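The following exercises are to be worked with the sequence and the model at hand. Each task is followed by a solution in steps.

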Amino acid sequence: MQDTAGEHLYKLFKAIKHQVEKGPVDAVQIKAKYTLNDTGLLGDDVEYTQVTVNVIVQDEGLEPVPVKVLNCDTIAQVKEKIVDQVYKNLPYSHRPKADSLALGECMLVGELSGHLYNWHF
């Protein structure tokens with residue numbers, strides 16, 4: 001995909017997705033705090049905090065993968081972010097679907113103020 005229009009479109013898509021996911025996204029109304037479309041702008045000022053989740057994938061080693069999520073994300077949004085980060089080196093067509101993943105045990109590590117969690121799936 002090097003030196004093709006597809007590569008540039010993919011980079012644009014990833015940049016827009018990264019920008020939109022920096023803030024809260026209402027999964028029901030499909031509105032976001034940061035968006036390119038003013039009709040899709042999230043009207044209320046939602047308080048949120050970024051949380052780092054350390055994800056360990058079963059049967060794929062014990063090295064945790066840090067994933068940044070928001071404390072107001074839905075489980076489906078967290079799963080999407082986990083899949084995007086854990087399988088970032090795989091083509092999209094080879095990645096597992098986020099809704100097919102089951103989040104396992106969730107352990108709180110350290111202080112809550114540190115916002116560090118370990119999730120296994």
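A residue counts as buried when its relative accessible area is under 20%, as exposed when that area is over 50%, and as partly exposed in between. The model is a predicted one.

**Exercise 1. Describe the order of helices and strands along the protein chain, and state what share of its residues is buried.**

Solution. 
- Step 1. The protein chain contains two helices and six strands.
- Step 2. Their order along the sequence is α-β-β-β-β-α-β-β.
- Step 3. The chain has 121 residues, and 27% of them count as buried.
- Step 4. The exposed surface comes to about 8,600 Å², of which 56% is supplied by carbon and sulfur atoms.
- Step 5. When contacts between residues at least 6 apart in sequence are considered, 31% join residues at least 24 apart.

**Exercise 2. Classify Asp84 as buried or exposed, and determine which residues it meets beyond its sequence neighbours.**

Solution. 
- Step 1. Asp84 belongs to helix 2, which spans residues 75–86.
- Step 2. The relative accessibility of Asp84 is 13%; because this is under the 20% cut-off, Asp84 counts as buried.
- Step 3. With neighbours within four places in sequence set aside, Asp84 contacts Lys17 and Arg95.
- Step 4. Asp84 and Lys17 form a salt bridge in which the closest N and O atoms are 2.4 Å apart.
- Step 5. Lys17 lies in helix 1 and Asp84 in helix 2, so this pair ties together parts that are 67 residues apart in sequence.

**Exercise 3. Survey the salt bridges of the structure, and identify which residues are joined into one network.**

Solution. 
- Step 1. Glu7 is buried at 18% relative accessibility, whereas Lys11 is exposed at 52%.
- Step 2. A further salt bridge brings together the side chains of Asp73 and Lys81, at 2.7 Å from N to O. Both Asp73 and Lys81 are buried.
- Step 3. Through shared partners, salt bridges join Lys17, Asp84 and Arg95 into one network.

**Exercise 4. Which elements give two or more residues to the lining of the largest pocket, and which gives the most?**

Solution. 
- Step 1. The largest pocket holds about 480 Å³ of space.
- Step 2. Its lining consists of 17 residues; those nearest its centre are His18, Glu21, Lys68, Lys81 and Gln85.
- Step 3. Helix 1, strand 4 (65–70) and helix 2 each give two or more residues to this lining.
- Step 4. Strand 4 gives the most, with five residues.

**Exercise 5. Locate Leu12 and Lys97, and state how accessible each is.**

Solution. 
- Step 1. Leu12 is placed in helix 1, residues 5–20.
- Step 2. Its relative accessible area is 49%, so Leu12 is partly exposed.
- Step 3. Together with Leu9, Ile16 and Leu36, Leu12 makes a nonpolar surface patch of about 420 Å².
- Step 4. Lys97 lies in the loop between helix 2 and strand 5 (106–108).
- Step 5. Lys97 also counts as partly exposed, at 49% relative accessibility.
- Step 6. Lys97 and Val83 are 14 residues apart along the chain, and 7.8 Å separates their C-alpha atoms.

Technical notes:
Residues numbered from 1 in each chain as written. Predicted model: local features only at pLDDT ≥ 70, side-chain atom pairs only at ≥ 80, totals over all residues. Heavy atoms only, no water. Helix = DSSP H or I, 4+ residues; strand = E, 2+ residues; numbered from the N terminus. Contact = heavy atoms within 4.5 Å. Patch = residues over 30% accessible without salt bridge, like charges linked within 9 Å, V, L, I, M, F, W, Y side chains within 5 Å. Areas by Shrake-Rupley, 256 points an atom, 1.4 Å probe, with all protein chains shown as cover. Salt bridge = Lys/Arg side-chain N within 4 Å of Asp/Glu carboxyl O. Buried < 20%, exposed > 50% of the residue type's maximum accessible area, 1.4 Å probe, protein only. 1 Å grid on protein atoms, 1.4 Å probe; cavity = no way out; pocket = protein on both sides within 12 Å on 5 of 7 lines; lining within 4 Å. Points joined across faces, edges and corners; volume = space filled by probe spheres on them.
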